[in-house]
Amino acid sequence: MTVSANGGLVLHRLKKIEIVIHAEDRSLVEDLLAAANVGGWTMIRDVAGLGHGGFHQGKTIFNDRSGLVMFVGVAEEAAIAEVARGLARLFETRAGVTFLSDVEVMRSDYFAKVA
């Protein structure tokens, strides 16, 4: 944690992207994140929820290519915008949703570009 001279907490503004897609499209999103130099991300398997196609069950009993997955990534605005542009093209033919938001992080070095 970074603390300023007066003992206050120093926060760094970044962008967060959350992506929900069919598990079979996982590698496409991983490629977009890597191409944008997003320094790291989290993937949550077996996501369940209600959408335009009805309720999607989260359990992937037989393989890891069925069901839904959710990616969460945090990076500089330009990197997240690059990922979002790629997703817009992907979503012309594939199902999925994206959420973008402003976030503040304490350890900005954890969200640095991939070297």
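This is a predicted model: local features need pLDDT of at least 70, side-chain atom pairs count only at pLDDT 80 or more; totals for chains, interfaces and linings use all residues.
Asn 37 sits in the loop between α1 and β2 (41–47), where helices (H or I, at least four residues) and strands (E, at least two) are DSSP runs numbered from the N terminus. Residues are numbered from 1 along each chain as its sequence is written, and side-chain values use heavy atoms, with hydrogens and water left out.

Back to Asn 37: its phi is near 60°, a positive value in a residue other than glycine. With a relative accessible area of 34%, Asn 37 is partly exposed; buried means under 20% relative accessible area, exposed over 50%, and partly exposed in between (1.4 Å probe, protein chains only). Asp 46 also has a phi near 60°, again a positive value in a non-glycine residue. Asp 46, though, lies in strand β2, and its 37% relative accessibility makes it partly exposed.

As for the overall layout, the protein chain has two helices and six strands, and along the sequence they come in the pattern β-α-β-β-β-β-α-β. Of its 115 residues, 26% count as buried.

Now for the helix pair. Two packed helices are described by the angle between their axes and the distance between the axes. Here the axes of α1 (residues 26–35) and α2 (residues 77–90) come within 9 Å and cross at roughly 150°. Axes are lines fitted to C-alpha atoms, for helices over the stretch in contact, and angles run from 0 to 180 degrees between N-to-C directions. α1 and α2 are therefore roughly antiparallel to each other (angles under 35 degrees count as roughly parallel, over 145 as roughly antiparallel, 65 to 115 as roughly perpendicular and the rest as oblique).

Gly 96 belongs to strand β6 (residues 96–105) and, at 29% relative accessibility, is partly exposed.

On the surface, Leu 9, Leu 11 and Met 106 make up a nonpolar patch with about 250 Å² of accessible area together. Patches take residues with over 30% relative accessible area and no salt bridge, joining like charges within 9 Å and nonpolar side chains (Val, Leu, Ile, Met, Phe, Trp, Tyr) within 5 Å. Leu 9 is in the segment before β1 (12–22), and at 45% relative accessibility it is partly exposed.

Technical notes
Accessible areas come from the Shrake-Rupley method with a 1.4 Å probe; for residues, only the protein chains shown count as cover. A salt bridge is a side-chain nitrogen of Lys or Arg within 4 Å of a carboxyl oxygen of Asp or Glu.
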